[in-house]
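We'll go through it one question at a time.

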Amino acid sequence: MSTLQSGTKYLNHSLLGANNDEKWYYYSELSVSGTHPNRTFSLDLYASDSSNLSVATLIGTKDIKTGALTLNESASSLQQRDKRSIQQTTKNPVTYWEGQMGSAGLPTLSASEKTSLGIASGNNNQSTSDTSTDTDTSGAQVGNLLGEALETTYQLTNSTIDVSIDGRRFRKQYGHFAYPEDLRSNKQDRIKFTQKFTEGTKIDATIASGQKTFQRKVKKVRGSVTLPVVSGIEDTNAVKWDGTTLNPIQALAGAGAMGVFEQVRNSPKIGDAFSVGGRAIQDVKEQLAKGEVGSDLASAINVYLAQSAVGAQGLLSRTTGAILNPNLEMLFGGPQLRSFAFAFTLSPRDADEADQVRKILRFFKQGMSVKTSSSNVFLKAPNIFDIQYQTFNTEGQEIVHPSINIIKTCALTSCNVRYTPNGTYMTYDDPYRTMAAYQLTLAFNELDPIYDSDYSELDKDRDQVIGY
């Protein structure tokens, strides 16, 4: 089976109805199964609340016969409400998918496949340029079909790695908890935690431009915890830079290797590539023989090569008092993942608030626990968490806090609870003997690094929010 991904479609749901501030990125995924010319097609719809499609969630499918969009339980209530607009926005014509299949090296569509694909894509307008029929037995048609069959024999159709392990034993729903309890009704700034779970990552084995290589498969877990913003919140953005060396001999060898690889790319004859490598070695030999590089340098090179051959350390420096110029330079080494820590003191004031506190602790402890599979042969990843600072605008509507950092989806790596933060053991006289106070310390790590494009997609570079 092969899978093809459409481009991303952005939909601002706030333009579709009142009290609706959701903004989503959508893309479709076409699955192609069977053999040409009678392959079958199915279409899945994914959504992400950010431009980072690696955390996109499967929210629905399109019926192969009617093209109707069916949303699943992962779709939000507003997505259910705006289903027709989503279906219209994410619709792609047959010619689009035909082009995608051609780019992926799949055989062209037969007339019957075009009809099936048109229905599956929610678009019944068929191309009139294809006038061939499945019953055409002319010599040209038979030759074309034979050519396609031979081509298909050597076609690489498994362009994705998408493996799943069935069965996941976990809690699917929590309540909506808050501390202090009156936080639900007041306009105090807050921090909100929600959970979702991942079923692994689909890997697209492609280097095509615009194609997302890694797509995390996630589904939401109902429920949330809302707590007041505490002092000491901070973030640290960092990237990795390393001091890297490249001495002249390494540079010379690298240039020779690049010549070989370029010849392999540009020439159909593998012998030409070896000729290029041989000429590079011969050029170096002639320069050394003619003395163009100096006898002292030639001797130093010999010592360096001997040192490398026997694994000796510092032979060149020991014998000559010199080293090859390392050309030390600080070079970019990659992104780094951010970590976040939060500490909350929870001191319930009555029985209802005590109930909330116990459930909040349970929310984090159970959510971060390792999950088992149905067979118990495999273990599955704990839930992952979304963290959001929230405030209220001048109209009293809850919004993402524009002056505090945004946090990408995180793993909860540590959950520490101190049951006697005040140094004394004390409980309330309630049926559950709730402790008089708890100190909850949480440590999170983001799953994905921060990119420049993440900032641009927040507000089109209008600098309305701090960003990540």
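**Walking through the fold**

Q: Does K460 count as buried or exposed?
A: The cut-offs for relative accessible area are under 20% for buried, over 50% for exposed and in between for partly exposed (1.4 Å probe, protein chains only). At 63% relative accessibility, K460 therefore counts as exposed.

Q: What is the phi of K460, which is not a glycine?
A: Before reading off angles, note that this is a predicted model: local features need pLDDT of at least 70, side-chain atom pairs count only at pLDDT 80 or more, and totals for chains, interfaces and linings use all residues. Residues are numbered from 1 along each chain as its sequence is written, and side-chain values use heavy atoms, leaving out hydrogens and water. K460 sits in the segment after α11. Despite not being a glycine, K460 has a positive phi of about 55°.

Q: What is the mean pLDDT of the protein?
A: pLDDT is the predictor's confidence in each residue, on a scale from 0 to 100. In this protein 75% of the residues reach 70 or more, and the mean is 79.

Q: How many helices and strands does the secondary structure come to?
A: Helices (H or I, at least four residues) and strands (E, at least two) are DSSP runs, numbered from the N terminus. Counted that way, the protein has 11 helices and 19 strands.

Q: Which residues have the most contacts inside the largest nonpolar core?
A: A nonpolar core is a set of buried Ala, Val, Leu, Ile, Met, Phe, Trp, Tyr and Cys residues joined through side-chain atoms within 4.5 Å. The largest one here has 34 residues, and the ones with the most contacts inside it are F193, F364 and F444.

Q: Which element gives the most to this largest core?
A: The 34-residue core gets at least two residues each from β8, β9, β10, β13, α10, β16, β18 and β19. With 5 residues, the top contributor is α10.

Q: Leaving aside neighbours within four places in sequence, which residues is F364 in contact with?
A: F364 is among the residues with the most contacts inside the largest core. With neighbours within four places set aside, its partners are F193, V225, F385, L412, C415, L440, L442 and F444.

Q: Is L412 buried or exposed?
A: L412 lies in strand β18. Not counting residues up to four places away, it touches F364, M368, F385, L442, A443 and F444. Its relative accessibility is 8%, so L412 counts as buried.

Q: Why are the buried residues of α3 on the same side of the helix?
A: Helix α3 spans residues 94-103, with V94, W97 and M101 buried. An α-helix has 3.6 residues a turn, so residues three or four places apart point the same way. On the other side of α3, T95 and S103 are exposed.

Q: How far is the side chain of Q390 from the side chain of Q388 in their polar contact?
A: Q390 is in strand β16 and is buried, at 5% relative accessible area. A polar contact is a pair of N or O atoms within 3.5 Å; within protein, one must be able to donate a hydrogen and the other to accept it, and residues adjacent in sequence count only if both atoms are side-chain atoms. Between the side chains of Q390 and Q388 the distance is 2.9 Å.

Q: What is the relative accessible area of N327?
A: N327 lies in the loop between α9 and β12, and its phi is positive, near 50°, although it is not a glycine. N327 is also touched by T244, a residue of strand β11. N327 is partly exposed, with a relative accessible area of 39%.

Q: The peptide bond from Y179 to P180 is cis; what is its omega?
A: P180 is placed in the loop between β8 and β9. The bond from Y179 to P180 is cis, with omega near -10°.

Methods:
Contact = heavy atoms within 4.5 Å.
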